Amino acid sequence: AQCQGVHIVQVPSSKNTPQGEKLVEEEQPVTSSSPSQPTTSSPPQLEEPKNITTTAAPDQCNLPPELVDEIKSYQDTVDQIIEYVVRGDYKGRTYEVLAELVDTFGPRMTGSGQLEAAIDWMLELSEAEGLENTHTEDVTAPHWVRNTESAWMTQPRLHQLNMLGLGGSVGTPPEGIKAEVLVYRSQGASKAAEVGAVASLIRSIGPFSINSPHTGQQEYTDPQHKIPTACITVEDAAMMDRMQARGQKIEVHLTMGAESYPDIITRNTITEVLGHQAPDEAVVVSGHLDSWDVGQGAMDDGGVMLVQVLRWYRCYIGTGGAMISWNSAVVLQRLGLRPRRTLRAILWAGEEQGLYGGFAYHKNHVNESDKFQLLLESDIGTFNPLGLAFNGTQEATCILEEVVSPMDGGPDIEVWMKDGVPTGSLYNANEKYFWFHHSNGDTLSVEDSDVLDHCLAVWTSVAYVAADMTQRIPHGPSSKDPSLEVPKTQNYDTPKTPHSPRHQLG
């Protein structure tokens, strides 16, 4: 969640008019069935890395010697990729592409012209680089527009509150709502509305703040109780908490012009390096191209990728979940490295509103699940990783221990886990992730060119080895997990419980 903790909620007075209502500031506890998820308003804190921990015991990894030797034989190719990206002609190119993307198009909100223009630009770049089977696939997604918004504390003094409305929120009346503030704990806008609230302002989750609010998606659990919902800063929430403790009367005037429109059609962007032996089989590398409508959307989609390809790299990336994935295809194309299987780069759309691009792709390709060698996505952090986790069978874990440090599936590919497809993503210490996540601080300044190069070198190496090795990575049995059948989003009525990876390596 981006905005969990203290909330500010309006409750109506007996007059039930905008001028007489009360605001109630509430603190939302974070709940989770995962022992690694804290029950406080702080973001997840991960322990320092330990030895490899996996359900596949070391003495159970009895891979054929010829398979181990084959994987080790990729040493020279991996060194070639690393040299080309880190010190060769491709050095700095990932940062350049990312910079041009965010500077030219800015934030890329689903339903906006900026996102569609960015998709067209990525298609043009892919064609220019000689990538193959470049195309888009339609995605139906919600269309929400922020419009003008503001919040002012009018008592005990006049003070402008920095705020960001949550995506999907309803707006206020044109004149806004002016009301008294109270502080209490609750579980989100719909719960607050059940007790008479008419608006909710939520304390941003960031552990560090420079008066910077964070946005995110609001999903109402009860359609009969939809109230305007926005995030305020850590500083302002704490200030009003102190004011109330002193017995001071607090009054806030909230105005939100938010509007929801009919669903729109956006697009997943797909490009490939076709396999020379089994082009119908694929390794997928992915990240989402859409972002929220604040900052530049440089970090999110962002991700951390820490992989072990003959040696360790520690790296953190920016819109790199998308940029690193796309650039990995370009690197293979420029080096003339065509793997046995297809390398497919997918830039998801409609992720921020509820993983709509990922679910649309799964719906359209679910009958091809046996053709996927591995699906990778990075979208849960942009800082130093502690380790990685992987979802797959014991045998698959043993194989990937030889190829990469396995990773837990990212949100857009999580739906494939029920089909038994091996999936991977980041397991990282992201204590600074929420400094910038979904805020105006998410700009290119967060990124580092050299770090992006290291990440690209590793990501490309992992993808190439997985795509080219003769051994198929075994799939697990299919499961029918109903939670993976419908779009899920990080909302502020029902805090998301992260999927717990089956295998963690660090």
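Guide: Start with helix α3 (residues 93-105) and helix α4 (residues 113-128), whose axes come within 10 Å and cross at roughly 150°. The crossing of α3 and α4 is right-handed. On the α3 side, the contact is made by Val97, Glu100, Leu101 and Phe105. Helix α4 answers with Gln114, Ala117, Ala118, Trp121 and Leu125. Sort these residues of the contact by class and you get seven nonpolar, one polar and one charged. Keep in mind, as you look, that this is a predicted model.

Now let's turn to aromatic rings. A pair of aromatic rings is described by the distance of the centres and the angle of the planes. In this model, seven aromatic pairs are counted. One of them is Tyr74 with Tyr464: the ring centres are 6.1 Å apart and the planes stand at 80°, so this pair is edge-to-face, as the angle is over 60 degrees. Find Tyr74 in the loop between α1 (65-72) and α2 (75-86), and then Tyr464 in helix α11 (residues 449-468). The two are 390 residues apart, so the pair links distant parts of the chain. Both Tyr74 and Tyr464 are buried.

Another pair is formed by Trp435 and Phe436, with centres 6.2 Å apart and planes at 50°, so it is tilted. Trp435 is partly exposed, with a relative accessible area of 26%, and Phe436 is partly exposed too, at 22%. Ring pairs also bring in Phe208, which forms a cluster with Trp435 and Phe436.

Our last stop is a strand, β9 (residues 229-232). Thr229 and Cys231 point one way from β9, while Ala230 and Ile232 point the other way. All four of these residues are buried. Two other strands pair with β9. Strand β6 (residues 163-165) runs antiparallel to β9 and is joined to it by three bridges, with Leu164 standing opposite Cys231. Strand β8 (residues 199-203) runs parallel to β9 and is joined to it by four bridges. There, Ser200 stands opposite Thr229.

Terms used:
Residues numbered from 1 in each chain as written. Predicted model: local features only at pLDDT ≥ 70, side-chain atom pairs only at ≥ 80, totals over all residues. Heavy atoms only, no water. Phe/Tyr/Trp six-rings, centres within 6.5 Å; stacked < 30°, edge-to-face > 60°. Buried < 20%, exposed > 50% of the residue type's maximum accessible area, 1.4 Å probe, protein only. Pairing = 2+ DSSP bridges. Axes fitted to C-alpha atoms, helices over the stretch in contact; angles between N-to-C directions. Left-handed = near helix turned anticlockwise from the far one by under 90°. Contact = heavy atoms within 4.5 Å. Nonpolar A, V, L, I, M, F, W, Y, C, P; charged D, E, K, R; others polar.
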